[in-house]
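Subject: Structure handover

Hi,

Here is the structure I promised to pass on. My notes follow below it.

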Amino acid sequence: MAPVTTRAVLLRGHDYGDTSRILRFFTKDHGLVSVIARGVRGRSGKGATTLATFASGDLTVYMKAQRDLHTMKDFACAATRDELAAHLLRFSAASAAAELVLSHAEADPQPGVFDTLESGLDALGVAEPGVLPGTALAVLWTITESFGFAPQLDGCVRCDEPLDDEEVGRFDFSAGGMRCAECSEDAAGPRVGPIARTQLVTLLAGQVPVGLSHTRRHLGLVSDFIAYHVVSRPLKSLRFLGSMLPSDDAEMPVG
Ligand SMILES: [Zn+2]
């Protein structure tokens, strides 16, 4: 059986037996891949330190059809991303991105999701503390969009009328986007005004909006959107990430 090599990022691992580890990689060519890495804990130095969570590199693996667990031959680490582990907010944002991918991806290739995850982890690694909450939101929204789920923000999800520049509506999670002001009268979702709407567009483009505030409310939006459309349950790491963000002292900016 010939091994295959694919670009991969390590998302989760646990010890197995005395010297091995079970590792879950998200790969560019094969989606989620679980491997047993035999003997890696017995090795000193390189093998152990480069098999750290969020490390990227070329994974070589013996893949058997109809199997869930494959055998790792080698992992040539290209980036360890140590900087994510050195900062709690960075680490919790990266963990939320990993949980999102682990919860929805399967064993088929989604190269767009792979590239979005990698650039998101890189962005979290270099973001200054002041823009980290916004970077975390941008990473979560772009991964969500790369899976094929994006909120509808420019037209009402109920009546299809375009929202005007000053319009304050409500977010309708089950319908997956904004309701116009008129259709929001009997709706219960969070109020979202033009500033927040513009911020969402910027976050979906992978950028941090200038002057972004109310990051907990923004996190609530992306968390509930993910729970409704992507993984059908709240992600644990998002709750932890929320506890690390600055508390919001007012409603989402609506004016
Ligand atoms: Zn409407």
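The centres of domain 1 and domain 2 lie 29 Å apart, taken over C-alpha atoms. Bear in mind that this is a predicted model. The domain assignment puts domain 1 at 4–80 and domain 2 at 83–244. Where they touch, domain 1 supplies 13 residues and domain 2 supplies 16.

Next, the overall build. The protein has eight helices and eight strands. Its C-alpha atoms fill a box of roughly 65 × 35 × 25 Å along the principal axes. The radius of gyration is 20 Å; a compact globule of 255 residues would have one near 18 Å, so the two agree. Buried residues make up 37% of the 255. Take the contacts with a separation of 6 or more: 60% of them join residues 24 or more positions apart.

Start with α4 (residues 111–126). This helix has 16 residues and reaches 23 Å from its first C-alpha to its last. At 1.5 Å a residue, 22 Å is expected, so the value is close. Its buried residues are V113, F114, T116, L117, G120, L121, A123 and L124. What do they pack against? The partners are β1, β2, α2 (82–85), α3 and α5.

Then α7 (residues 215–229). With 15 residues at 1.5 Å each, this helix should span 21 Å. Its end C-alpha atoms are 21 Å apart, which agrees. H218, L219, L221, V222, F225 and I226 are buried in α7. Which side of the helix are they on? They are on the same side of α7, because they cover an arc of only 155 degrees around the axis. The buried residues of α7 pack against α3 (88–104), α5 (132–146), β6 (169–172) and α8 (236–244). Both α3 and α5 are also on the list of partners for α4.

Now the backbone. Two residues have a positive phi without being glycine.

- F54 has a phi of about 80 degrees. F54 sits in the loop between α1 (46–50) and β4 (56–62). Buried or exposed? F54 is buried, because 25 other C-beta atoms lie within 10 Å and the cut-off is 20 or more.
- H214 has a phi near 55 degrees. H214 sits in the loop between α6 (194–204) and α7. H214 is buried too, with 22 other C-beta atoms within 10 Å.

Last, the segment after α8. S247 lies there. S247 has 9 C-beta neighbours inside 10 Å, so it counts as exposed; the limit is 12 or fewer. Where S247 and R217 are concerned, 30 residues separate them in sequence. In space they are 9.0 Å apart, C-alpha to C-alpha.

If you open the model, I would begin with the contact between the domains. Then turn to α7 and its buried residues, H218 and F225 among them. After that, check the phi values at F54 and H214.

Best wishes

Note on methods:
Residues numbered from 1 in each chain as written. Predicted model: local features only at pLDDT ≥ 70, side-chain atom pairs only at ≥ 80, totals over all residues. Domains from an automatic or database assignment. Contact = placed C-beta atoms within 7 Å. Helix = DSSP H or I, 4+ residues; strand = E, 2+ residues; numbered from the N terminus. Expected span 1.5 Å × (residues − 1). Arc of directions from axis to C-beta. Rg over C-alpha atoms; globule rule 2.2 N^0.38 Å.
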